[in-house]
There are 2 protein chains.
Amino acid sequence: MSENQNPYDPQQSQPLLIVISGPSGVGKDSVIQRMKQRNLPFHFVVTATTRRSRPEEVNGVDYFFISSDEFADMIEKGELLEYAIVYNDYKGIPKEQVRKALTSDKDVILRIDVQGAASIRELAPDALLIFLTTQNEDEMVHRLKSRKTETPEGVNLRIATARQELKRMHEFDYVVVNRERQLDQTVDTILAIIQAEHHRVKHRKVSL
Amino acid sequence: MSENQNPYDPQQSQPLLIVISGPSGVGKDSVIQRMKQRNLPFHFVVTATTRRSRPEEVNGVDYFFISSDEFADMIEKGELLEYAIVYNDYKGIPKEQVRKALTSDKDVILRIDVQGAASIRELAPDALLIFLTTQNEDEMVHRLKSRKTETPEGVNLRIATARQELKRMHEFDYVVVNRERQLDQTVDTILAIIQAEHHRVKHRKVSL
């Protein structure tokens with residue numbers, strides 16, 4: 001306990017690093033989007049990616065859409081907290097964003113695939129890892145197929161990967177089922193988890 | 001993972017044993033009372049005590065007010081999960097109540113003093129322990145003094161004990177500050193903690 005902590009309320013407001021992960025098709029992007037719409041005092045980290053933007057996506061808001069050369073440059077300069085090849089595209093988390101947000105006392109929200117979440121755990125063992133899932137496989141397959149941006153082969157690859165990723169749920173802290181047409185309920189559960197974590201006696205202290 | 005668990009949602013609804021504790025004067029009784037008023041699907045365990053009832057208290061609802069002989073009988077028959085002498089009065093948790101509630105799939109809420117909470121932790125390591133506290137010492141002293149049921153010596157004894165008990169906060173899972181005139185906020189925080197715990201990947205499994 002540091003000197004200037006109130007012994008009656010030692011938690012105060014240390015920011016959390018919250019990782020929202022889960023297989024493709026569970027609705028990570030929709031959940032993050034709904035969280036943003038609620039004007040909550042979080043810092044949402046924008047991922048850099050070499051993939052092409054989908055029609056509804058906005059550069060700098062949904063992702064930083066950058067070229068392979070720019071991505072290579074960020075890797076070389078050590079500017080990425082974590083990066084991975086996901087379905088032939090590169091995705092990475094710009095380090096500077098996470099650092100800035102944590103020092104500004106805001107909770108930081110990171111959306112990342114399952115393998116990326118495991119890397120974050122190694123870099124920041126006190127990160128809060130939330131695994132999003134669907135109610136069942138049919139629901140996940142349905143969501144993947146209804147994305148018009150995928151080829152049939154792409155969909156099958158994602159389904160196979162999702163099945164494998166589901167087995168890594170135990171590496172996470174929390175699991176939240178993103179039920180069909182219950183996006184607000186999913187967000188409420190995530191907010192309850194974040195609220196609860198701020199009251200843990202053994203508080204997570206993230207430094208990068 | 002048991003055979004009939006859904007791999008997409010392994011948590012399902014295993015009941016939790018939730019212990020609400022903290023020093024005298026932090027407002028445990030008021031918090032429990034407000035929780036009851038909200039008609040939540042919890043089982044509230046009623047403590048047996050040999051102390052005299054306060055004017056507003058109802059036998060069987062707030063406590064089971066029993067004689068010293070009846071209490072001795074429950075101890076001898078092993079009918080108490082835990083018991084302690086608190087300020088010359090005996091308080092104990094009837095075992096049967098907790099067992100019944102857990103088998104009925106309801107979360108069980110237990111209000112207990114700090115030393116009792118430590119005993120529950122030994123009996124049921126997966127119990128969820130919440131430490132209630134006040135914003136500062138003045139607030140706790142004020143609450144203890146405004147209880148007309150205490151003698152001045154009684155108040156001083158409770159203040160001294162509360163100071164000691166505060167040092168045991170680190171034995172708990174969560175700490176919640178019960179701010180003055182913010183009872184609903186306190187209850188909301190406790191509910192968020194309970195909701196979050198139902199989504200933990202490593203679920204607490206209580207058996208007694």
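Predicted model: local features only at pLDDT ≥ 70, side-chain atom pairs only at ≥ 80, totals over all residues.

Residues are numbered from 1 along each chain as its sequence is written, and chains are lettered from A and ligands numbered from 1 in the order in which they are written.

Begin with the open sheet of chain B, where four strands follow the order β4-β3-β6-β5 with mixed pairing (strands are DSSP runs of E with at least two residues, helices runs of H or I with at least four, numbered from the N terminus; two strands pair if DSSP finds at least two bridges between them). Its edge strands are β4 (63-65) and β5 (80-86) of chain B. Select β3 (residues 47-49) of chain B, which pairs with β4(B) in the parallel sense over three bridges, and find B:Ala48 opposite B:Phe64.

Next, select helix α5 (residues 137-146) and helix α6 (residues 152-166) of chain B, whose axes come within 10 Å and cross at roughly 150° (axes are lines fitted to C-alpha atoms, for helices over the stretch in contact, and angles run from 0 to 180 degrees between N-to-C directions). That makes α5(B) roughly antiparallel to α6(B), a term for angles over 145 degrees.

Finally, select helix α1 (residues 28-37) and helix α7 (residues 183-197) of chain B, whose axes come within 10 Å and cross at roughly 75°. The helices α1(B) and α7(B) are therefore roughly perpendicular to each other, the term for 65 to 115 degrees.

Note on methods:
Parallel < 35°, antiparallel > 145°, perpendicular 65-115°, else oblique.
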